[in-house]
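Visitor: I have a structure to look at and some questions about it. Could you take me through them one at a time?

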Amino acid sequence: MSVTINTRINGQSVSASADASTSLLEFLRDVLEMKGSKLCCNTGECGACTVIYNGKPINSCVTMAADANGAEITTIEGLADGAKLHPVQQAFIDTGAVQCGYCTPGYIMSVKALLDRTTKPTQADIEEAVSGNICRCTGYNKIVDAIHLAADRMAGRV
Amino acid sequence: MEYFEPKSVSEALAVLARHGAEAKVIAGGTDVMVDIKFKEEPGGLINIKKIPGLSGIAEHGAGLRIGALTTIREIETSALMREKLPVLWEAAHQFASLQVRNTATIGGNICRASPSGETLAPLLVLDARAKLAFADGEKSVPFTAFFQGPGKCSAGVHGLLTEIEIPYPPAGSRGVYLKHAVRGAMDIAMVGVAVLLTPDPGKNNIQDARIGLGAVAPTPLRASKTEALLRGKPLAAALLKEAAALAASESSPINDQRSSAEYRRWIVEALTRRGLEQTWKAATGKEVA
Amino acid sequence: MAKAELKVIGSSPARMGGVERVVGKGVYGIDLMLKDQLHGAILRSQYAHAKIVSIDTSEAKKIPGVHAVVSAEDAPNVRYGRSYIDRHILARGKVRFMGDPVAAVAADSPAIAKQALKKIKVVYEPLPVVIDPEEATRPNAPVLHEDMPLPKTIPADSGMKNICGHTVVKVGDAEKAMAEADLVVEEMYETKMIHPQYLEPRIAAAQMEPNGRLTVWANAQAPFPVRQEVAKTLGLALNNVRVISAGLGGGFGGKGSGITSGAAIEPICGLLAIKAKRPVMIVLDKAEETISTTIRAGAKMYIKTGVKKDGTIVARTGKVFYDAGGYSGFGVQAGGRCANMLGGWYLMPNCHIEGYSVYTNKQVCGPVRGPGGPQAAFAVESHMDSIAAKLGMDPAEFRLKNIPKAGDKIVGVPKLRDVSLGETIKIAKEKIGWGTVKLEKNQGIGIATGSWIESAGPGGGAIVKVNEDGSVTVHIGKIDMGTIPGFGIPMIVAEELGIPVSDVTVVNVDTDASPWDAGTVGSRGILVSGTAARLAAIDARNQIFKMAARKLEASPDDLEIVDKQIRVKGTPAKAVALAAVATDAHNVIGEVIGRGYCDNLELMAEEKAHGSSQPFTTHACIVEVNPDTGNVKILKYVAVHDIGQPIHKAAVEGQIEGAAAMSIGQALCEQVVFDPNGRTMNPSFVDYLMPTINMMPRIETTLVPGYPGAGPYGAKGAGEIACVPPMACIANAIFNATGVRINKLPLSPENVLRGLKAAGKA
């Protein structure tokens, strides 16, 4: 059965239909052809599909597309301001936290949500924010560096 | 696959009456969406998130009422919950990832009726009750009678869980929820142990002990023999050892891809011991002698 | 070139392709969308070992929206493989592991494809299953490949079965020397199957072009072997097959071995596209990946070492049963590497190791990150600590007593040019606080060393094209999965051409245009493509100088490139813009195209003459063991590496940190679990546990300078070696903390607690 979805993505109104069994991730990638949110485990275990939904980071792969109705959604495509990268995006590049880059969009969304909650995250804050984001390339060192660098820049500490 | 978005409890019950056998209720979706992708697509999906009034945490008399659609994150960030029902708060705090906690609901976790469901052992030790709506009226079921087997609970295919009622534990009680995992909160609990201890007014003996075990039987369970053993006694080293061993024997875990049954029993023993020590110290100020 | 003269080498400029990745551009294979594409899906065996009695696809073909259904009879009867050519793209006659492809469909939607798979009727005759590699060699074991001969070195009357590879390491007279040793220690170590679990699922897409060529898109590490094998298995000429790569979301060798790595997803997709006469795309899901694609093999290793009282090693014997899986895959090579490395990288005057790569009814071995090395090191480095304990010697001192020096040979390396092993041990001791740090109850400290063989492998080329504006486009045969195309290659080209790193673009591999390459595997990226790119850039520079020299009325030898200007050394005013020369080239030679290649025979000759420079490493860690649950927490972790001259410093550190993390995962929580029927019990991320950020220590990396390698500017490969030490490092720390030696991976809470209880410590 088809459902109509009226939602706002990255500040733009979007209207489209999809089968009721469609996940929000499938809606983004296959219906809207927005490839930034990544498909990996499809079970809510890896965080590669993380988007911000009404201000909260969620796994779009286990969220119904139908639940996008009336919601404000931010995806990775909505962070940069034209050619100017968001500080979290820039920090990931600057610390070498982008190797293959597949976990990167999901990570950036989780980190953006974290830095919306707190301007000086502790190690515990970081672990809470991104324990659900798996990276297979970096061993997490340079990702932690990027989070601190982004936080410091956004708070004007560097 | 049919799709329904009922706008009220009665509308939901009407849909469930017609379609409950082949349709699935979906709340947060973190379990049901995986079923859809990897198992069979159900005959229908009943999205209950549009029903008003099923979310929220409120004091009610000497206890809390939690709407079934309250997210795990809402429970985790509730100062009221953390203060009044810390054993349930601890389960919410060790529940999967932040992304999952933002959408998963306590009602979903309960009705999934997985033996390892994080909130279940805490609900058992809190003597919480499920408020169920059926076409022919409401029912209040204690969680100790709510779970019938993996995936089977008192809601059945036609009922709707609307609310969870939790009385405050007796004054002076202390509780803890210990989750055993390889990595941490991200894992499905290999063993979950919830302990609630109430000392007597003189803080010398255990007035009441409640021990809930998760992931070690077809349903979450109360270790009632262990509770009976502990009642009325001071928690000394020998009793602690005996109680931990008895709790392990009350569990009936299986061998699966996560662990052997033997190992799970060792962990029940270890976590029961640690849980009793911690709650005894918190409740009485005493170390176990 | 002296260090002081290097402009960018050794620094950490922004990753080429970094912006696209942080803004979410669709640069990966999985992001592809072909016009009018159909969805492909694969039916896999339901038995780990069975005869195929019949396959009936007629019902499936009738479903509306199904455009093609194929099984073995639709493909040429051609086998593929690496050492043993033992496999068909769709199972013919027999299936040998659950996950073996049996049939495939192309349909309008994933849902219809799924429906169609259900309608394919396969009748199987189940056969006995064997899942242990040692058991599979016994005379009474079921035979997986009746028509594959045993290796010639196995005596026909041995009664051994299911062996696809046999490696014999023989140095001196090990049996005699062992008998004369003061102390002999004999142990067995076992590792389990691991899946590389790159995050981007594998895809293939294919379409027949109007002129009869087949175009295949693959997120494969080895596009040229994919081209070769697709052509072979589908009966097409090589010039009629084109393979296009994209950026990869991880690979780790698991996407690395031609069509073997994906269990033939590329030719199956090509076959569907040919039959359906429409483009087809197959996207595997992660659970399907775990059961069907190439893995890191488990190994059973028997190791025995004889030493003198003073700690000098005099002899080693050993036996390796290396689990190749249902087909030989990369199991022969990896098993051989494991057997060689069981001889260790210490002085080994007498050594005899027999290594068997064995067929079992499980997933197939691939060239996963350091194939054979981490397994061998788990045994060797744990064993070293067991010996040290029996000798009453400090484990670090015991190792230092036996390290080789320049000019010595070790097993697998006839002559070492220089040896950094001792220095890495000393630095690791210092960084971890060996002998000085105060350890609390249940805490322990451990050390483990490692090496990785750099030499011997295919060569490769590079093409450097200088555009009219002085920017550069580079073609190499290596793909970008966080590897050299994004990091080292642009830097090397920028270094030689005197241009900004950001002016260099390395393009995706397209077998129609890129130079041939064996695959982005084996830590050979910087060695092969780095060398080739450097020589290509120098070639381009020489062409530029020749043309500029005419303009500047100078000799080409007197010119330099600085800030995109070609100028006469010492007379900076006499200059011409690089862009001007590159544009003028149209009227002279057409275009400045530099070509370079890494000559493998030259490398080998150089090594033979002067010795090879191995990338040694030492890791050290402090752990805390929970005696109630067996949980192990790593409190501190140091990784000390000699990788020669780092080209992109942060990228090299990233490779070390990532590889160490992968092996920490193998140590603490990862394994593929099977039931006795050969069914994978934990295919999804729910129960295949990979390390999350909360359980990982900060990996403190130290790079040791002064031991240049064979790569450009003295670089050595960094992609795999950090996988080698971690499992033994952690096991040794657990031993130090508890006195309990755990000899089977993983060092999971259950296995640790079981070990503690067996030793009466819990």
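Visitor: How many Å separate the centres of domain 1 of chain C and domain 2 of chain C?

Guide: This is a predicted model, where local features need pLDDT of at least 70, side-chain atom pairs count only at pLDDT 80 or more, and totals for chains, interfaces and linings use all residues. Residues are numbered from 1 along each chain as its sequence is written, while chains are lettered from A and ligands numbered from 1 in the order in which they are written. Chain C has domain 1 (3-25 + 460-598), domain 2 (29-128 + 207-284) and domain 3 (415-454 + 610-758), with bounds from an automatic or database domain assignment. Taken over C-alpha atoms, the centres of domain 1 and domain 2 of chain C are separated by 38 Å.

Visitor: How many residues of domain 2 of chain C are in contact with domain 1 of chain C?

Guide: Two residues are in contact if their C-beta atoms, placed from the backbone, lie within 7 Å. Domain 1 of chain C gives 16 residues, and domain 2 of chain C gives 17.

Visitor: Which element gives the largest share of the side of domain 1 of chain B that touches domain 2 of chain B?

Guide: In chain B, 23 residues of domain 1 are in contact with 24 residues of domain 2. Elements that give two or more residues to the domain 1 side are helix 5 (86-93), helix 8 (120-125) and strand 8 (147-149) of chain B. Helices (H or I, at least four residues) and strands (E, at least two) are DSSP runs, numbered from the N terminus. The largest share, 5 residues, comes from helix 8 of chain B.

Visitor: How many residues on the side of chain A that touches chain C are nonpolar?

Guide: Ala, Val, Leu, Ile, Met, Phe, Trp, Tyr, Cys and Pro count as nonpolar, Asp, Glu, Lys and Arg as charged, and the others, Gly among them, as polar. Here 39 residues of chain A are in contact with 42 residues of chain C. The chain A side has 7 charged residues, 12 polar ones and, as the number asked for, 20 nonpolar.

Visitor: Which helix of chain B do the buried residues of helix 18 of chain C pack against?

Guide: A residue is buried if 20 or more other C-beta atoms lie within 10 Å of its own, exposed if 12 or fewer, and partly exposed in between; C-beta atoms are placed from the backbone. In helix 18 (residues 749-758) of chain C, 7 of the 10 residues are buried, including V752(C) and L753(C). They pack against strand 26, strand 27 and helix 17 of chain C, together with helix 11 (261-284) of chain B.

Visitor: Is E146(C) buried or exposed?

Guide: E146(C) sits in the loop between strand 6 (121-126) and strand 7 (163-171) of chain C. Because E146(C) has 7 C-beta neighbours inside 10 Å, it counts as exposed.
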